[in-house]
Amino acid sequence: MSTPVMTPRLSDTELRAIAKLVYEKSGIVLHDGKRELITSRLQKRLRHLGLATYAEYLKLAERDPAELVTLLDSIATNHTHFFREARHFEILTSRVLQTAAARRGGELRGWCAACSTGEEPYTILMSLLEAGCGGVRLLASDMSTKALATAKSGVYRLDKMTDVPKAYLPKYFEKGLGAQAGLARVQPSLRRLVEFRALNLLEVTSLGQQFDFIFCRNVMIYFDKAVQQRVVSMLERHLAPGGYLFIAHSESLNGITHGLATIAPAAFQRRAA
Ligand SMILES: C[S@@+](CC[C@H](N)C(=O)[O-])C[C@H]1O[C@@H](n2cnc3c(N)ncnc32)[C@H](O)[C@@H]1O
């Protein structure tokens with residue numbers, strides 16, 4: 001007879017303790033309504049580790065940095081897609097490309113600051129190259145090592161790539177054959193232009209460089225105002241004079257102190273020096 005699988009119950013105290021840890025380490029706010037999300041995402045992990053309670057799991061996550069990453073990975077929403085909120089890529093190829101190109105002979109430096117599984121940084125690169133950008137270096141970061149592994153591999157399901165213009169497919173992707181049928185891999189020439197790095201926005205103080213543009217979209221929506229302020233100030237310090245910041249259209253900088261000028265919905269520019 002097989003042993004019955006026990007489903008651990010998440011107490012209110014455990015829920016609050018998990019929410020506190022997640023907030024302190026990532027800035028993500030988990031409201032009480034997130035009980036189902038937490039249980040559905042962590043239950044499997046507890047079973048896998050043979051732990052009977054969430055309290056035991058919490059202790060493990062607090063003392064083991066690798067488990068903390070797994071915990072944050074399972075809580076964070078990684079949803080993204082190619083050419084998401086496409087208006088920003090038009091601004092990138094008109095305003096951003098023109099200003100910076102004029103300044104430094106075509107060499108652009110960008111940061112995609114919560115890049116998830118990579119569709120956003122690859123969209124940035126394809127857009128810039130299509131617009132004739134002469135040179136670009138892109139840093140793409142996320143706190144999720146799991147998402148970054150997908151981003152680095154650059155392998156995507158073709159049926160999830162419907163937003164990629166048809167003409168870009170043979171140019172920037174290699175179609176999988178045989179066991180890889182239905183998949184496409186980003187061409188090495190495009191992958192070479194991006195450096196993927198694990199970075200937690202809460203832990204970045206200085207990257208030692210400034211960027212012509214920063215994309216930080218669909219992540220601040222999970223933060224409260226205090227964390228948003230901290231992150232926006234940090235991003236602003238990383239913008240070169242005249243540099244651009246893109247946030248998501250569902251996000252806003254209302255109530256945040258900053259010195260940026262609004263140039264379009266969810267698009268901002270640091271004043272030139
Ligand atoms: C919904 S995805 C957004 C992806 C992409 N920027 C877009 O707009 O499609 C949010 C990403 O933010 C990341 N994230 C959440 N909190 C973070 C933090 N404190 N530091 C860095 N990345 C974080 C998550 O791991 C996730 O990959």
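Trainee: Are Glu-120 and Arg-217 buried or exposed?

Mentor: The model is predicted, with local features requiring pLDDT of at least 70, side-chain atom pairs counting only at pLDDT 80 or more, and totals for chains, interfaces and linings using all residues. Residues are numbered from 1 along each chain as its sequence is written, and side-chain values use heavy atoms, leaving out hydrogens and water. With a 1.4 Å probe and protein chains only, buried means under 20% relative accessible area, exposed over 50%, and partly exposed in between. On that scale, Glu-120 and Arg-217 are both buried.

Trainee: How many residues apart in sequence are the parts that Glu-120 and Arg-217 tie together?

Mentor: The side chains of Glu-120 and Arg-217 meet in a salt bridge at 2.5 Å, N to O, the term requiring a side-chain nitrogen of Lys or Arg within 4 Å of a carboxyl oxygen of Asp or Glu. Because Glu-120 lies in helix α6 (residues 119–130) and Arg-217 in the loop between β7 (211–215) and α10 (225–237), the pair ties together parts whose separation in sequence, in residues, is 97.

Trainee: Which helix holds the salt-bridge partner of Arg-35?

Mentor: Arg-35 forms a salt bridge with Asp-12, their closest N and O atoms being 2.5 Å apart. Arg-35 itself lies in helix α2, so the pair ties together parts 23 residues apart in sequence, and Asp-12 belongs to the helix of residues 12–26, α1.

Trainee: What is the relative accessibility of Glu-67, the partner of Arg-45?

Mentor: The closest N and O atoms of the salt bridge between Arg-45 and Glu-67 are 2.8 Å apart. Arg-45 lies in α2 and Glu-67 in α4 (residues 65–75), so this pair ties together parts 22 residues apart in sequence. Arg-45 is partly exposed, with a relative accessible area of 25%, whereas Glu-67 counts as buried because its relative accessibility is 4%.

Trainee: Which term describes how α2 and α3 lie to each other?

Mentor: Helix α2 (residues 35–49) and helix α3 (residues 54–63) pack with their axes 11 Å apart, at an angle of about 80°. Angles under 35 degrees count as roughly parallel, over 145 as roughly antiparallel, 65 to 115 as roughly perpendicular, and the rest as oblique. The two helices, α2 and α3, are therefore roughly perpendicular.

Trainee: Which residues of α3 do residues of α2 meet?

Mentor: Contact means heavy atoms within 4.5 Å. The α2 side of the contact consists of Thr-39, Leu-42, Gln-43, Arg-45, Leu-46 and Leu-49, which meet in α3 the residues Tyr-54, Tyr-57 and Leu-60.

Key. Axes are lines fitted to C-alpha atoms, for helices over the stretch in contact, and angles run from 0 to 180 degrees between N-to-C directions. Helices (H or I, at least four residues) and strands (E, at least two) are DSSP runs, numbered from the N terminus.
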